Amino acid sequence: MGLEKDYEDIPGTYVFNGKRCREGYHLNKFCKSLDVAANREIFKKDPAAYLDQYPMTDEQRGLVERRDWLGMLQVGGNIYYTFKLATLDGLNMQDVGGAMSHMTVDDFRQMLLDGGRKVENNRSKAENAANSKGT
Amino acid sequence: MARIIAGVGCSHIPSVGAASDNGKTQDPYWKPLFDGYGPAREWMAKTKPDVIIMVYNDHANAFSVELINTFVLGVADDYAPADEGYGPRKVPHVYGDADFAAHMTESLVLDEFDIAIANEMDVDHGLTVPLTVMFDQPDEWPCKVIPFCVNVVKYPQPTANRCYQLGKALRRAVESYPEDLKVVIFGTGGMSHQLQGERAGLINADFDTKFLDNLTADPISLTKITHTEFMREAGSEGIELIMWLTMRGALSDDVKEVYRYYHVPASNTGAGLIIFEDQAK
């Protein structure tokens, strides 16, 4: 019997499992390199040459260049790694959270002040699909 | 002999460290949280541990994707604050207790907890923010700290029950050390939060409150929570709460909850703090 990956049923969530970790290996290694001050300076001066050092796929590289925070997660990026790139851009976790969830940062901040995103109707893709069929 | 006299459960939100470092603790946004830390700081100042065992997770700072260890015990004498991408926090170096930590590695591995051993590593906000929460801004941290890292970044994390049993093994490790030391163990991270994906910003105060209730009254029930249930109910990063179970497992069954504080939101997170005094004679 295989292991059940029931966590894939959680909506809007990219659990950093072995498959994603392999897929995003070089993307995450690039991001990780930015926690060395000297590397940050080199990257800022010539991003293209810096990125050439990391054998990402063209898709991954494009997502990095476009700062597509959600897209990076979908190709194996991990938030703790990609957030180092966001930090370099002067962004904080609310900026990135808003971008990933298709909200303005002001709306995202307000949602947090109001107690955060609710878990109701956010638990299960299967449950949500069944509910939308029923209405 | 060394004894665990108390346990602290504490969120380790990076922006709490930044608020302290940048003098913002009295801003309207941060004041309620830091006011809530006040009684905990008073308790800590009275308790005066010799050593803290800090159960926390590294966030891709000391460790990276090349090698992923489930459990890592630090055995060094000196740990520098990590550069997480914006320069290291300007907080004191963290001093370990190499002899005690070396004893703990022997006790744990012979007790069949096959940990990895770090002779050198930097420590990130996961370790330094709880120190800020409990000690504010001293010139030097007032006690030694033994870092114990748990992988919670890469699935699969250790199970809740494994983390709880680890706490019991840590207690045996402490109690088999001959030196008279007062030890406080921290379990850090959480509480509910999700940093990633379209579900970013999830907070579940009901889950957090129940978790705190059961941490006191019925910790065994919490050891049965699966990975998927943690992530579904408390957010993908809420699974950090497994580390609170290591702290609770290291205490005896007879504990007294002496302080609790919970606040939403701190950055993207439900922030919790709980203190237990161990009543075992």
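This is a predicted model: local features need pLDDT of at least 70, side-chain atom pairs count only at pLDDT 80 or more; totals for chains, interfaces and linings use all residues.

A nonpolar core is a set of buried Ala, Val, Leu, Ile, Met, Phe, Trp, Tyr and Cys residues joined through C-beta atoms within 7 Å.

Q: Which residues does B:L241 touch, not counting residues up to four places away in sequence?
A: B:L241 is among the residues with the most contacts inside the largest nonpolar core. With residues up to four places away in sequence left out, its partners are B:G189, B:G190, B:M191, B:F211, B:F230 and B:A234.

Q: How are helix 3 of chain B and helix 5 of chain B oriented to each other?
A: The axes of helix 3 (residues 98–110) and helix 5 (residues 160–175) of chain B come within 9 Å and cross at roughly 125 degrees. The crossing is right-handed. Angles from 65 to 115 degrees count as roughly perpendicular and those over 145 as roughly antiparallel; the two helices are therefore oblique.

Q: Which element gives the largest share of the side of chain B that touches chain A?
A: The contact takes 34 residues from chain B and 43 residues from chain A. On the side of chain B, helix 8 (227–234) and strand 9 (255–266) are the elements that give two or more residues. The largest share, 5 residues, comes from helix 8 of chain B.

Conventions. Residues are numbered from 1 along each chain as its sequence is written. Chains are lettered from A and ligands numbered from 1 in the order in which they are written. Axes are lines fitted to C-alpha atoms, for helices over the stretch in contact, and angles run from 0 to 180 degrees between N-to-C directions. Helices (H or I, at least four residues) and strands (E, at least two) are DSSP runs, numbered from the N terminus. Angles under 35 degrees count as roughly parallel, over 145 as roughly antiparallel, 65 to 115 as roughly perpendicular and the rest as oblique. A crossing is left-handed if the near helix is turned anticlockwise from the far one by less than a right angle, and right-handed if clockwise. Two residues are in contact if their C-beta atoms, placed from the backbone, lie within 7 Å. A residue is buried if 20 or more other C-beta atoms lie within 10 Å of its own, exposed if 12 or fewer, and partly exposed in between; C-beta atoms are placed from the backbone.
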